[in-house]
Every structure is written in structure tokens, then in C-alpha cells.
2 protein chains.
Amino acid sequence: MSQQLRFVTEAESRSDDVPWGVNEWLCNGDLCEAEKLGLVRVHVPPGKGHSFHRHPSLEEIIYVVEGECEQWVGEERRMLSAGGMAHIPVNMVHASFNTSDKPLVLLAILSPAKGPEPMTVDVYDEEPWKSLR
Amino acid sequence: MSQQLRFVTEAESRSDDVPWGVNEWLCNGDLCEAEKLGLVRVHVPPGKGHSFHRHPSLEEIIYVVEGECEQWVGEERRMLSAGGMAHIPVNMVHASFNTSDKPLVLLAILSPAKGPEPMTVDVYDEEPWKSLR
């Protein structure tokens, strides 16, 4: 059932366990009256990461809230710390890893709020991605 | 001239002085290859605020990075602290104020990256907004 929350804090957020940590949803079409914007706070423990994937119909921004992130956009790699971001055009392959010994917290900002399936296509077992790191 | 930055940190951001503090642009169609997503980090000193306004063609999320925010969405008011957010449907009136004695830092997340003008319509001198606070 879709809600129309105007304000979302940790108390109203919805957390899902995922292989790279926890996806804490703050804004999507179920929580809010959102059409163009989705927001998920991603908690990535040391040693974990969301390996190479693409979103066929979503544009994305990754914004680092806390910690250090080994961020890939296409075949470009950059270490981002709190306050840094990456812009990921629609369908561009990307990945985020926590190679530090401290927690990493990211915001994944998505547009639109919901695209046609599949939302995500994993490519980490395909070249050139499987040989990049 | 439009750039296609994939990574943006404080070093690459573009800051504009505005009446409510500083708008530090991290993602828009000039800095990045952005179509659906704009991102601006807003620095609001104590006592300042971005009073009641609406965006006729933009959906928005306000996410609090640091400090305390008196956030309005329509006629609903909520105090948000770091990690809290507000969702603002297209054309809904909203406002953000720093009533504390410490800095307030927000992310304003916008979709699409650029809408038709006017991007913003001020309504703070119209009822019911001018009598709300």
C-alpha cells in the first residue's frame, strides 16, 4: 500500500538486508508520493561492496555520507570521502566498495523513482569488469 | 560550456552566494552529463532560511547533512536533524530555516536536472504562507 509521507527519518525508513550490507529506503513510490526521485541510504561494512552493475533506465548519484568509498563509474576509479559524489548516466556500469576498516554510508539517489524491470543488471562476471580490480 | 564530470568533490563544486547562505552545486547539466538529477549542497548560517517557494516543474528531496532544520512541506512543519529528509512533490510549497545557533547543511535533490523557467516561484508574501510562522 502506497503511503504519502512528507517527512522520513530513521524511524519511518525501511531496511532490507542485501549482500553488500543494508539498503535503508528513505524515499520511493511506496513510502512517499515520489515519481521522479528515489533515495536509499546504503550501509556498507568494511570489506563489502556492491560490485559492477548497471541500471537500464535509471540515472543515479552516489553521495558519500560517512567513510571512504572506492567508487567506479565505467572504467574510472576514484576514492571518495564524505561529501564527495559520483554521477552515473543511465545504463552506465558502476560499483562501490568499502576497502577501509570503518563503516561506509552512502546515499544512492535514483531517477525515476521506479523504472521498468529489470531495475539492475549485474555484470561483475563479464569482461572487462571481472578483471578490473 | 557543459562538462561531463563523473566525480565531484568540494574542489570541483560551484558555489553561489544566495540570500539564505551558499548554494554549492555538485551536479547539474553544466557540471555533469545530468538530465534527470540535480544536486546542490546548501549551507545555511544560524538565523537564515529559504522561505516559502515552489518549483512548478521540479520534484525535490531535502536531506539534512548537518545541524537542525525547521522544514515545511505545504502547511506541515517538522524539525529534522542529520539523516532526516522531506519529499516535496512537483509544485508543492516548501521552506527550510535554520533556527539554531549552529551551521545547517542540506542536500537539495532535484528532478529533472533542468526544468523550464521559472525554476522557482516565491510565495512568502502571499497567504497562508506569510502568516504561518
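Student: What makes A:Trp72 buried or exposed?
Tutor: This is a predicted model, in which local features need pLDDT of at least 70 and side-chain atom pairs count only at pLDDT 80 or more, while totals for chains, interfaces and linings use all residues. Side-chain values use heavy atoms, with hydrogens and water left out. Buried means under 20% relative accessible area, exposed over 50% and partly exposed in between, with a 1.4 Å probe and protein chains only; A:Trp72 has a relative accessible area of 5%, so A:Trp72 is buried. A:Phe52, at 2% relative accessibility, also counts as buried.

Student: Why is the pair of A:Phe52 and A:Trp72 called edge-to-face?
Tutor: Rings of Phe, Tyr and Trp (its six-membered ring) pair if their centres lie within 6.5 Å, and planes under 30 degrees apart count as stacked, over 60 as edge-to-face and the rest as tilted. Here the centres are 5.6 Å apart and the planes stand at 70°, so the pair is edge-to-face. Ring pairs also link A:Phe52, A:Trp72, A:Phe97 and A:Trp129 into a cluster.

Student: What sits over the ring of A:Phe97?
Tutor: The charged end of A:Arg133 does, 3.6 Å from the ring centre, where the definition asks for NZ of Lys or CZ of Arg within 6 Å of the ring centre and within 35 degrees of the ring normal. In chain B, the charged end of B:Arg133 sits over the ring of B:Phe97, 3.5 Å from its centre.

Methods. Residues numbered from 1 in each chain as written. Chains lettered and ligands numbered in written order.
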